[in-house]
Amino acid sequence: MTSNASDEQHILIFKIERKVFPHQGQFDDDFQKNETPPVKNRADRPDAGKLQQFKASCSGHCTAMLSRDFWHGLFPIIKWMSKYSWKEQFLGDFMAGCTVAIMHIPQGMGYALLGGVPPIIGLYMAFFPVLIYVCLGTSHHISIGTFAVTTLMTGKIVDQYSNHEIANFSSGSLLKTDNISSNHFTSLEVATAVCLMVGLWQILMGILRLGVLGIILSDHLVSGFTTAAAIHVVVSQTKNLLGLKITRFNGPFRLIRSVVAIFSALPTANLAEALTSCVAITVMAVHNDWLKPWYGKKIKFPLPTELFILVIGTIASYFGDLTSNYDIKTLNHIPTGFPEPRVPPYELLPRIMIDTIAVAIVAYAVSLSMAKIFARKRGYEISNNQELLAQGAANVFGSFFSCMPVSASLSRSMLQESVGGETQLASVVSCFLLLIILLWVGPLFESLPLAVLSSVIVVALKGMFVQFRDFTSTLKSSPLDSAVWMATFLAVVIVDIDIGLGMGIVASISVLMYRGHRPYAATLGHLHGTEMHVDIKYFPSAVEVPGIKIFRWAGAIHFANAETFRHVVDSHLGPYKSAALSSRIASTAEKESLSIQAAHVKYGTLDPLASTSLNSGAISTPAVSIVTIEHLILDCSALSYVDLSGTKVLTSLHTDLLNDRGITLILANCSEPLIKQLDRCNYFQTFPKAQVYPSIIDAVMTIESSNQFAFNNSPNSPIVP
């Protein structure tokens, strides 16, 4: 005989018998609630003196600073290096460091041009700030250095405040500023001042524990912003790709003006530079889209095609004398060795203070987004505030060594993780290889054509343009988020980068306010055989308790949505009871009859305007409009916060319902923080605490048991006889 035990459905049934709590106070007394949590330190008590509390606070901070956890949090390198396995992890870090160092060369030199500074600055950015981030950063995989968007935003500030007459990369004058008047700033001076100010902003935000600000820049906002910024980068590099001679524009609508200038200058394009760019872009595109996926399955180490292109372009330019023969522009002078440490011009800091806020936030948000991706993938934690401190310290340190603001690079970070990088030791290996380039190899690239370098930049931006898919996918899942994406994109493209970012933040906050303005609201019904109350729109079997309306508001009640809350509650209650109805059911016998008949009305048909015709055997009355709601239970289980405006609305709701409609307001499932907040707003001076219940079921059973016409005969009544 075959057993069918596995096919049987096992149902677990639990039965709880307990007394009904007639109000929240009875519940608190029975379970000996603590009005204030116990304090371990006597100085933390409310009756302690201010001096005693201050001494205790200082003592606690000093004790924390001497603990091991504090130093591990401030210098995460201590923690992960103590657990580092040289045998299992070093080989992966070494390979990743070598690969990323190769990528730093073309990207660093190329992105430095976006900032209006010499190409060698990009290599400085891949060396000096990285050493600081390795010690302070909490992410194990992001690659700090040049990033297209932040360097472009820095370049905008550099164009605004630098003296263009002395900007000459070929002479190397930007690295020697001793004889420059204090009234004129070179591009490099402005760039280092921006780097210092960005670092100071980030450190300040880290000290103030404002790492949560990264949440303001949501994923769809960052996606739209970086995609639009990539268009700015491409347009800015078009003059090098085609050999055009056009001026750089500043201010709003500069992208449109630049495009108009490019089309106007097309007849003067250098065909040799255009051909060079076309060949370089084609080779890199074919490799990245077709060859790399093919051989990537066989070998783990990717071929540094960008570096090969730079080397080939440099060799061809040097031996072919392309500058003299075809008027192709090259990098020219590249200094060797370390830059001389210099203090950025402090007198420029007040002028760029506001402009650098956007750079600081964008650099941090991009790095934090990348750090979170790898942390989720690899199963470790990062600290938002520590990331702010780490990146800020890296920028401050780099500003004394001719650096622009740094950020994490999407392409380099993905590469560092994919080729086996385990920790930030890979960045140390990368810095060591770049040190060799800075000391000896750099001048070998002096003959590199700018067209080739710009081609590398354009090809590297493909990942940003692919983000157009984010808009199409978001359009299906969340139209509001897609609106934020498109609003940010259009504002950045049409107006400007920083203004577009501000408009994107405004759009994102507006969406949040719109969603919070009218959160989820529902009328709840009772599920027969359970103690649960659910949304009657989604559960047809759920029925409303006669005479009681149970209403749930998910979210907060604050100044922005307080009036909306009141309107939604009124809409769920229905119209007011008319005076005609009051006169028709004036007699006690009629009231009793209507109450008895209401007990047998099917749950879920409690519309205030529903007409009830009494059956034979009862007192015969014409069909009347019966307002069956006598109690409104506000389920506060999903109510997160109530401010002063929300408290006033709850007070007026209680008063109006009781005076105008004879409906008693009841609160249920209130959290302790919510009760304390209402108490601080003096809500319970007008609202009786006896009308606060620990749960919906306690409120319903108390109401029904206190009613002389309790609905015990109803099959759905939760009361147990």
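Predicted model: local features only at pLDDT ≥ 70, side-chain atom pairs only at ≥ 80, totals over all residues.
**Stop 1: two phenylalanines across the chain**

The structure holds 20 aromatic pairs, and we'll visit a couple of them. Select Phe 127 and Phe 338. Their ring centres are 5.6 Å apart and the planes meet at 25°, so this pair counts as stacked; the cut-off for stacking is planes under 30 degrees apart.

Now check where each partner sits. Phe 127 is in the loop between α6 (120-125) and α7 (128-136), while Phe 338 is in the loop between α14 (322-326) and α15 (349-352), so the contact ties together parts that are 211 residues apart in sequence. Phe 127 is buried, with a relative accessible area of 9%. Phe 338, on the other hand, is partly exposed at 44% relative accessibility.

**Stop 2: next along the chain**

Select Phe 128 together with Phe 401. How far apart are the ring centres of Phe 128 and Phe 401, and at what angle are the planes? The centres are 4.5 Å apart and the planes are at 10°, so this pair is stacked. Here, too, distant parts of the chain are linked: Phe 128 belongs to helix α7, Phe 401 to the loop between α17 (384-399) and β2 (407-408), and 273 residues separate them. Phe 128 is buried at 5% relative accessibility, and Phe 401 is buried at 16%.

**Stop 3: a charge over a ring**

Jump to Phe 684 and Lys 689. The charged end of Lys 689 sits over the ring of Phe 684, 5.1 Å from the ring centre.

**Stop 4: a nonpolar patch on the surface**

Select Trp 86, Phe 90, Leu 91, Phe 94 and Met 95, and show the surface. Together they make a nonpolar surface patch of about 490 Å². Trp 86 is found in helix α5 (residues 86-114). Is Trp 86 buried or exposed? With 52% relative accessibility, Trp 86 counts as exposed, as the cut-off is over 50%.

**Stop 5**

Time for charged pairs: the structure holds 14 salt bridges. Start with Arg 18 and Asp 698, whose closest N and O atoms are 2.9 Å apart. Arg 18 is in the segment before α1 (24-30), and Asp 698 is in helix α30 (residues 696-706), so the bridge ties together parts 680 residues apart in sequence. Arg 18 is partly exposed at 45% relative accessibility, whereas Asp 698 is buried at 2%.

**Stop 6: a buried bridge and its network**

Go on to Asp 496 and Arg 254. They form a salt bridge with 3.3 Å between the closest N and O atoms. Asp 496 lies in the loop between α23 (479-494) and α24 (497-517), and Arg 254 is in helix α11 (residues 254-265), 242 residues away. Both Asp 496 and Arg 254 are buried.

**Stop 7**

Last, pick Asp 635 and Arg 552, whose side chains meet in a salt bridge (2.7 Å, N to O). Asp 635 is in strand β9 (residues 631-635) and Arg 552 in strand β5 (residues 548-553), 83 residues apart. Asp 635 is buried at 1% relative accessibility, and Arg 552 is partly exposed at 22%.

Stay with β9 and show its side chains. In a regular strand, side chains alternate between the two faces of the sheet. What covers the faces of β9 can be read from its residues: His 631, Ile 633 and Asp 635 on one side, and Leu 632 and Leu 634 on the other, are all buried. That makes 5 of the 5 residues buried, so β9 is largely enclosed by the rest of the structure.

Finally, display the strands next to it. β5 and β9 run parallel, joined by 5 bridges; the partner of Lys 549 in β9 is Leu 632. Another 5 bridges join β9 to strand β11 (residues 664-668), also parallel. There, Leu 632 has Leu 665 of β11 as its bridge partner.

Key:
Residues numbered from 1 in each chain as written. Heavy atoms only, no water. Phe/Tyr/Trp six-rings, centres within 6.5 Å; stacked < 30°, edge-to-face > 60°. Helix = DSSP H or I, 4+ residues; strand = E, 2+ residues; numbered from the N terminus. Buried < 20%, exposed > 50% of the residue type's maximum accessible area, 1.4 Å probe, protein only. Lys NZ or Arg CZ within 6 Å of the ring centre and 35° of its normal. Patch = residues over 30% accessible without salt bridge, like charges linked within 9 Å, V, L, I, M, F, W, Y side chains within 5 Å. Areas by Shrake-Rupley, 256 points an atom, 1.4 Å probe, with all protein chains shown as cover. Salt bridge = Lys/Arg side-chain N within 4 Å of Asp/Glu carboxyl O. Pairing = 2+ DSSP bridges.
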